[in-house]
Protein chains: 2
Amino acid sequence: MARTIGSHSGTTRPRIRAAALRLFARHGYAAVSMRKIAAEVGVQAGALYNYTPDKQSLLVDLMQGHMRDLLAAWNDVPQGETPLDALEAFTRFHIRFHSGRPDEVFVSYMELRNLEPENFAVIEGLRRDYEEQLETIIRQGIATGDFVATEPKVTSMAVIAMLTGVNTWFRQDGRLSLDDVEALYWEMVRKAVAA
Amino acid sequence: MARTIGSHSGTTRPRIRAAALRLFARHGYAAVSMRKIAAEVGVQAGALYNYTPDKQSLLVDLMQGHMRDLLAAWNDVPQGETPLDALEAFTRFHIRFHSGRPDEVFVSYMELRNLEPENFAVIEGLRRDYEEQLETIIRQGIATGDFVATEPKVTSMAVIAMLTGVNTWFRQDGRLSLDDVEALYWEMVRKAVAA
DNA sequence: CTTTTAAATGAACAAATGTTCAGTTAAAAG
DNA sequence: CTTTTAACTGAACATTTGTTCATTTAAAAG
């Protein structure tokens, strides 16, 4: 059999993406076979190669898409007037964006070592771009005297690590709302860099 | 051939552990075969089974050993008089301990999903034990009025995430010494929970 | 209805996987 | 020197791996 009833052209590609993302996040890139992805989509393994040249490209596309989405979304956020406003905007944006995409975040963070060198360089570059957004805010706050930080780069890394950590415990249906969490973390970030 | 010249009884076991740790950290548990571990030790794959019942046990032993070492080492740290002293002790200990064992930390954090459920429960329990050490300190600081934190558990998670993040960028031969880093992070932690 | 074509099958490939085990070797014990 | 035994080899096993491709099917175009 081929072209089974109900197969439409536009549907399969996103379903492959979604299945790959889900499985990579749950079990890890190396532990997931093309056959398992295909089974999740309801298709034979060979069919995947109509949509991706190989397994690695599946991973790269997911990670690159995530990093591009992240940078684009941050670009759409109003930065506010002062460095303090900008830092609050970044804090709240980072938590909200990442908590809404746990699988993408997990894969993009955990599977870096499974990227071939050239692909790694691309993703790592996008990550650095994002980190520099925060570093810039912190440097501006230091310049205006709003923040105290002797090592802005270190401070950026510390803040990002803290914020990304939300994903390890936060659940949408938990006791605390996303607004609660944003407020809690913003208070800690604010105090940590306060003059 | 077997029992090649220079093979001593006590040597192979730790070398297998070291090779497995190194390779798991570099490439991930699922991507590392028993043959690759054996090759790193200079032995055939079959020989590994004189020392481990299976591949999973190799991973569990590494992770369990790491968590036990962590809890034991923290137990040996003088806690100080006040909650503030205890928090500083924890902050400095966490950074120092983790930065000295990057491979163990990486594996223990990244390979949780490759543990069979019962093994996962054990490791997760040990992790919770450690996290509760910090939570207790924070609760005591709140009780004495030294700290302000409306959600002690969240604060603990935030602080630990921030501290563990050091491992993503810190290098022993970098510009900043371990003491520098400890001081930088301690200032941020102190301010973040300050009353 | 007929033709075209995109989408999927299913079998095949060599290579690699975790694990077992009978046999071999060299160190330790007597 | 002889015996014992722990340590290791090397081949074998059934599965699974990523990927290719000739073939088949059903939807779209005319």
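Predicted model: local features only at pLDDT ≥ 70, side-chain atom pairs only at ≥ 80, totals over all residues.

Reader: What makes Glu88(B) and Arg92(B) a salt bridge?

Author: Their closest N and O atoms are 3.0 Å apart. The cut-off is 4 Å, so the pair qualifies. As for where they sit, both are in helix H4 of chain B, residues 83-99. They are four residues apart, which is about one turn of the helix. Over all chains, the same rule gives 24 salt bridges.

Reader: Why would such side chains pair at all?

Author: Side chains of opposite charge can pair when their charged atoms come close.

Reader: What makes up the fold of chain A, helices or strands?

Author: Chain A has eight helices and zero strands. Read along the sequence, the pattern is α-α-α-α-α-α-α-α. Its C-alpha atoms fill a box of roughly 70 × 40 × 30 Å along the principal axes.

Reader: How is chain A divided into domains?

Author: Domain 1 of chain A covers 1-52 and domain 2 covers 55-193. Taken over C-alpha atoms, their centres are 30 Å apart. In the contact there are 15 residues from domain 1 of chain A and 13 residues from domain 2 of chain A.

Reader: How much area do domain 1 and domain 2 of chain A bury between them?

Author: About 1400 Å², with 67% of it on carbon and sulfur atoms. On the domain 1 side, Arg17(A), Leu21(A) and Tyr29(A) supply 47% of the area buried against domain 2 of chain A, more than any other three residues.

Reader: How do you know that Arg26(A) and Asp103(A) form a salt bridge?

Author: Same test: their closest N and O atoms are 3.3 Å apart, and the limit is 4 Å. One salt bridge is the count between domain 1 and domain 2 of chain A. Polar contacts between these domains come to five residue pairs. Helix H1 (9-27) and helix H2 (34-41) of chain A each supply at least two residues to the side of domain 1 that touches domain 2. H1(A) gives the most, with eight residues. By class, that side of domain 1 of chain A has 10 nonpolar, two polar and three charged residues.

Reader: Now the two chains. Why is the relation of chain B to chain A called a two-fold axis?

Author: Two copies of a chain are related by a rotation about an axis and a shift along it. Here, chain B goes onto chain A by a turn of 180° and a shift of 0.0 Å along the axis, with an RMSD of 0.0 Å. That is the relation of a two-fold axis.

Reader: How do you know that the copies meet through the same surface?

Author: Because 100% of the interface residues of chain B are also interface residues in chain A, the copies meet through the same surface. The contact takes 35 residues from chain B and 35 residues from chain A. Between the chains, about 2800 Å² is buried, and carbon and sulfur atoms give 63% of that.

Reader: What makes Glu151(A) and Arg175(B) a salt bridge?

Author: Their closest N and O atoms are 2.8 Å apart, and 4 Å is the cut-off, so this pair passes too. Across the interface of chain B and chain A the rule finds four salt bridges, and there are 12 residue pairs in polar contact.

Reader: Which helices of chain B supply residues to the side that touches chain A?

Author: Helix H1 (9-27), helix H5 (102-110), helix H7 (152-164) and helix H8 (178-193) of chain B each supply at least two residues. The largest share, seven residues, comes from H8(B). Sorted by class, that side of chain B has 21 nonpolar, seven polar and seven charged residues.

Definitions and conventions
Residues numbered from 1 in each chain as written. Chains lettered and ligands numbered in written order. Heavy atoms only, no water. Domains from an automatic or database assignment. Contact = heavy atoms within 4.5 Å. Buried area = accessible area lost by both parts, 1.4 Å probe. Salt bridge = Lys/Arg side-chain N within 4 Å of Asp/Glu carboxyl O. Polar contact = N/O pair within 3.5 Å; in protein donor to acceptor, adjacent residues only side chain to side chain. Nonpolar A, V, L, I, M, F, W, Y, C, P; charged D, E, K, R; others polar. Least-squares fit on C-alpha atoms with pLDDT ≥ 70 in both.
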